[in-house]
Amino acid sequence: MSFSNKPKTYAWVASVAMLAGCLYLLASVYIEVRQQNLQQWSNQQSSLAKGVAKGMEGLFVRFQGSLNHLAESDHVIEMDKQGQEMLASFFSYNKGPLRALTRIDQTGRILDTWPPNPDVMGQDVSFQEHNARLLATRQPVASEAFEAIQGYKAVAIAVPVFRDGVFRGCLSLLVSFEAIIESFLGDIRLGQGEHAWVLSQKGQLLYASAGGPGQAAMQAALASPALSALRDQMVSREGGSGEFRLPGPPGQESQGPPELAVFHSIHLGGTFWSLAIAAQEDRILEIMRGFTLRWILIMAFLAGTLALGSYHLIKAWAILAETKKRQKAEEAQRESEQRFRAIFDSSFQFIGLLTPEGRVREANRAALDFAGLKREEVIGRYFWDTGWWAGDEEQKQWLRQAVAQAAGGSFVRQEVEHHGAGGARQTMDFSLKPVRDQQGRVVMLIPEARDITDRKNMAEALKQNQDRLRKAQEMAQVGNWEMDLATREMWWSEEALRMFGVEGLPRGSLGIGTLRGLVHADDLPRLDQAAQDMVADGLPRELEFRFRRYNHEETRHAHSRAELVRGAQGKPAKIAATVQDISERKRAEEDLRLTQFCFDNASVAIFLVDRQARIFKVNRQACQNLQYTPEELCSLTIYDIDPVIPRGKEGSIAESFQGEGPWVFETVHRRKDGTTFPVEIFRGLVMHQGQRFGITFVTDISERKRAEQEKQELQGQLLQAQKMEAIGRLAGGVAHDFNNMLSVIMGYSELLGAALPPGGPPAKYLSQIADAAARSRGITRQLLAFSRKQIVEAQPHVLNELISGTCKTLSHLIGENIDLQPRLLDGLWLAKVDPSQIDQILVNLAVNARDAMPQGGKLVIETANVVIEERYRQLHPGCERPGDYVMMAVSDTGTGMDRETVGRIFEPFFTTKEVGKGTGLGLATVHGIVKQNGGFINVYSEPGHGTSFRLYLPRLEGDHPG
């Protein structure tokens, strides 16, 4: 090579080197610009995907939170009218994306749905995957997109419904998949060659935009090996980017141009979706075509002249840097505006932008829709002059002050009332937040409002329910407590604290140990066992136990009902119980049992009688007295058992209920068999079951009456005995004196008779005197027998022999018109008597019987062996001692005597005969003879039915039958 060619060579080499350097620089810059454009596009679409994901996630979180509030309402749980109105209100407010709100029972059947759809009522939807998962886990779920039974594609959000810890089904919200896509993906501006799609967590295609290959083609492409790696990345719950080529038409091996995809996960409750945005690389890099041409011209020019090339190179770098900076700023601004608009309009809160003076710059879709306004109706107007505050001058005035306060840099927040588009008045949580620039000046105000009507209503309803519960517990004296099985911590209601006397202790110290310390030690094992059994089988328990109040020694009684509350996965979580102090009831029950025992076992009959004289209740003694069963007595009235009260006097029974105090009276009661007995009644008034009843205590006074009668008889007999004893003494004295005088008369008569000649008149007269004296001596013997001073020659005799001897004389004495019938017992015991006294007794009784039977009749004399017991002696005062007696009875069929006459027949000188036909000493003599021999007499007589004298003489001890 010659030297002359060196400069040329060097120039060539330099030119080639410069050209190579320029080409290298062109390639490196092109690659860098290409990567930056691709990265810029990726960042832009990734930001859009994130904004859409946040909007969708926020929508699902809001819906799930609203469902949880509804699921806690008793009205929604029971689906009553108010519960249906709550569902209707919620659906009406969110009717844009919502398609149905469904209440499902614990078996998976539809209880109710809004809007109403009779065709689906009662259908079993437990086969749907999300319903099956919720019924199994009892946890909130969000479903994949599926074909609802109503015939549209939907996404379900479901939350469980519990009532007192018991699973009662779920509340399911069906959100239109198309509405979600339209609401969120519609804001993504896709350029030419760009398209988007959404995959489920299982990799199924849920959505494909119109700018792509189409739904079917995209589904087939995702199933092909070419996109399998990209699909696996999308279902991994992560975000990222990737490159791919769409497969060509079926039967061809050619593939489409290379594409770049950006994807981001959308977490929706228990599931997630993956959103992808893709575009062909050549479409992304179209912006570089003009740049590449200019770059080639510049490099060609640089190849011609080094100096100009350097200059243009520096200039080109400056232009490139400026262009990149401007593009980044423009993209950042566009991305920020798109993000802001997506979030601004997708928010369910009411958001706007105001100038510091209070003019409206922006308002989101929720705020406009709430009041039924259009954007052009509010932009540029003062905030208080817009339709949100129409007709409320007081709120407008407050808003002006609030804007001024916020423009001064203060945050303003207050609850306000608004009228929605439908006219309903709703409560809003309204705030004004100032926005400052770098210099700290307020350049913008952000008004924000949230509809808290439901929350306020629920809070008010909850407060009212809590107040009602607290008042009900206070009135019913029923408390409740809960115990966490894991931590053993306890919660007590106010009434439970008061009941156990621990209301003054710190709540933190009131654990299970406090309760166990107050329960009676003997009842603790039973309570522990009940708790263990309840955790084991899940069944509620009811039991009673004893306890004492804190710092008190008195033992009280409580009744408790406890139930097991289950938590996640159905595991036992806590025990909830009610407790009631039943000490007063226990005491009342004891008093009632004691009262009932006394009522049933009282020795007197007790009757409870109403105003109509109906017997309401009786005790056991009343049934025994009247021989009725309780049921029979309670079907009768007072008139059925008291024959004294006339049935026409019912009014008097009702009038007696107006009396003030008890009263006592005697009457007669009639038994079931018709017999009657005397009773004494103590009667008062008592309130029973809200009505006035008469209560009567009835005492059978038969024994008392009998005792009173016996007492009267004994008193009469005592008076009679005293009188007869006095008369007997008098008669005995008179008889002795009279007998002495008769002895003188008879002695002198005998002497005078011996001195007088017989047959003469004097002798005749003297004989009459002697006969009269002899008869008078018989009267003295009667008086002595009556006074028991007659000399008795008693010897053992069988009365049958004495009676048989006397009967021969008696038959002549009583006459032929009276039939004398001796009925003498063989084997009669011996008695120690004077035979003349037996003759005297029989003669006196036979003569009285004859006089009582002037037309004739029957006279029966009978004997018998009789054993007298103590009971008989008590009922017959004339009998002085019990034992063995020989009885002699003399009975006639004469005219008989009344009761008064029978009571006086043994009185001396008492006679029922005409004057001159009786001395009145015959029966008195009989009574004296029997008493003198240690016996007694019983007389039985009734007018027209004859009389019977029964004489009882003591048996001679150590004898043998005669």
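The model is a predicted one, in which local features need pLDDT of at least 70 and side-chain atom pairs count only at pLDDT 80 or more, while totals for chains, interfaces and linings use all residues. Residues are numbered from 1 along each chain as its sequence is written, and side-chain values use heavy atoms, with hydrogens and water left out.

β24 and β25 (residues 676–688) run antiparallel and share 8 bridges. Two strands count as paired if DSSP finds at least two bridges between them.

## A covered strand

Now look at β11, where 9 of the 10 residues are buried. Buried means under 20% relative accessible area, exposed means over 50%, and partly exposed lies in between, using a 1.4 Å probe and protein chains only. Ala279 is in β11, which covers residues 271–280. Is Ala279 buried or exposed? Ala279 counts as buried because its relative accessibility is 0%. The C-alpha atom of Ala279 is 5.6 Å from that of Leu260, although the two residues are 19 apart along the chain.

β11 has antiparallel pairing with β7 (residues 194–200) over 7 bridges. In that pairing, Ala196 has Ile277 of β11 as its bridge partner. β11 also pairs with β10 (residues 255–268), again in the antiparallel sense, over 10 bridges. Gln280 of β11 stands opposite Glu259.

## A helix with a kink

An α-helix has 3.6 residues a turn, so residues three or four places apart point the same way. Keep that in mind for helix α25. Its buried residues are Leu799, Asn800, Leu802, Ile803, Thr806, Cys807, Leu810 and Ile814.

α25 (residues 799–814) has a kink of about 35° centred on Lys808. The bend at a residue is the angle between two axes, one fitted to the seven residues ending there and the other to the seven starting there. Just after α25 comes Gly815, with a positive phi of about 100°.

## Two helices side by side

Two packed helices are described by the angle between their axes and the distance between the axes. For α26 (residues 835–852) and α29 (residues 922–932), the angle is about 145° and the axes are 9 Å apart. Their crossing is left-handed, a term for the near helix being turned anticlockwise from the far one by less than a right angle (clockwise would be right-handed).

Which residues make the contact? From α26 they are Gln837, Gln840, Ile841, Asn844, Leu845 and Asn848, and from α29 they are Gly922, Leu923, Thr925, Val926, Ile929, Val930 and Gln932. Contact means heavy atoms within 4.5 Å. Sorted by class, these are 6 nonpolar, 7 polar and no charged residues. In this sorting, Ala, Val, Leu, Ile, Met, Phe, Trp, Tyr, Cys and Pro are nonpolar, Asp, Glu, Lys and Arg are charged, and the others, Gly among them, are polar.

Most residues other than glycine have a negative phi, and most peptide bonds are trans. Asn551 is not a glycine, yet its phi is positive, about 65°. Asn551 lies in the loop between β19 (541–548) and β20 (555–566), and it is exposed, with a relative accessible area of 63%. Gln627 is another non-glycine with a positive phi of about 65°. The loop between α19 (620–626) and α20 (630–633) holds Gln627, which is partly exposed at 40% relative accessibility.

The peptide bond from Trp114 to Pro115 is cis, with omega near 5°. Pro115 sits in the loop between β2 (110–114) and α4 (129–137).

## The whole protein

How many helices and strands does the protein have? There are 29 helices and 33 strands. Of the 962 residues, 40% are buried.

Key. Helices (H or I, at least four residues) and strands (E, at least two) are DSSP runs, numbered from the N terminus. Axes are lines fitted to C-alpha atoms, for helices over the stretch in contact, and angles run from 0 to 180 degrees between N-to-C directions.
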